[in-house]
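Hi,

Here is the structure I promised to pass on.

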Amino acid sequence: GILILYIKMEDQPLRKPTFVKVSAIEPAKRVNIYAKVVKMGDILKIKRMNQDELKFCEIVIGDESGIVELRLKDEQIDQAKVGETIIIRNSKASVVKGHIRLEVDIWGKVEKSANKKVANVKESNNISGVEYEAVKIKKYNDRQQTKKAQSFSLEHLNLPLKK
């Protein structure tokens with residue numbers, strides 16, 4: 001059987017968020033960052049089937065360790081102005097067309113920073129400029145395939161294989 005436990009959220013103490021530098025961003029991770037807005041692209045408007053309008057804006061943000069692209073939507077765009085520091089909470093680092101891009105979904109938040117300021121931005125270290133490639137890892141499930149894989153990998157070493 002399966003045991004499911006339900007915990008009241010009000011009983012859980014809130015953890016303080018851990019903020020990272022731009023250079024520490026890795027694909028498929030969620031991060032909190034203080035960053036300065038370096039550049040803002042054009043605002044793209046897309047109409048949905050129900051005639052709702054979505055707004056998107058690609059911006060470049062950075063800190064002392066590097067820069068990265070960030071996609072903002074709708075009311076998040078109003079929080080960003082070139083030269084100002086913003087706080088990005090729980091953003092998702094996705095790989096889009098082989099490059100890292102931060103996105104703030106429903107679990108994240110963007111706001112202007114009132115007290116923390118980023119003075120210098122290291123524009124020479126563009127995290128979004130690094131290209132990533134998806135690699136499939138083959139898993140061996142049965143013993144025979146595992147034995148074949150071991151003999152193949154040890155073959156070039158001329159070591160005897162245990163049977």
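Below is what turned up, starting with the overall layout.

It's a predicted model, so to speak plainly about cut-offs: local features need pLDDT of at least 70, side-chain atom pairs count only at pLDDT 80 or more, and totals for chains, interfaces and linings use all residues. Residues are numbered from 1 along each chain as its sequence is written, and side-chain values use heavy atoms, leaving out hydrogens and water.

Of its 163 residues, 26% count as buried, meaning under 20% relative accessible area with a 1.4 Å probe, protein chains only; exposed is over 50%, and partly exposed is in between.

The largest nonpolar core has 22 residues. Such a core is a set of buried Ala, Val, Leu, Ile, Met, Phe, Trp, Tyr and Cys residues joined through side-chain atoms within 4.5 Å. Ile25, Ile59, Ile61, Val68, Leu70, Ile86 and Leu102 touch the most other members. Two or more residues each come from β1 (30-47), β2 (53-63), β3 (66-73), β4 and β5 (99-103), with β1 giving the most, 4 residues. Leaving aside residues up to four places away in sequence, Val68 touches Ile25, Ile59, Ile61 and Leu102, among others (contact is heavy atoms within 4.5 Å).

As for Val95, this residue sits in strand β4 (residues 85-96) and counts as partly exposed because its relative accessibility is 39%.

Cheers
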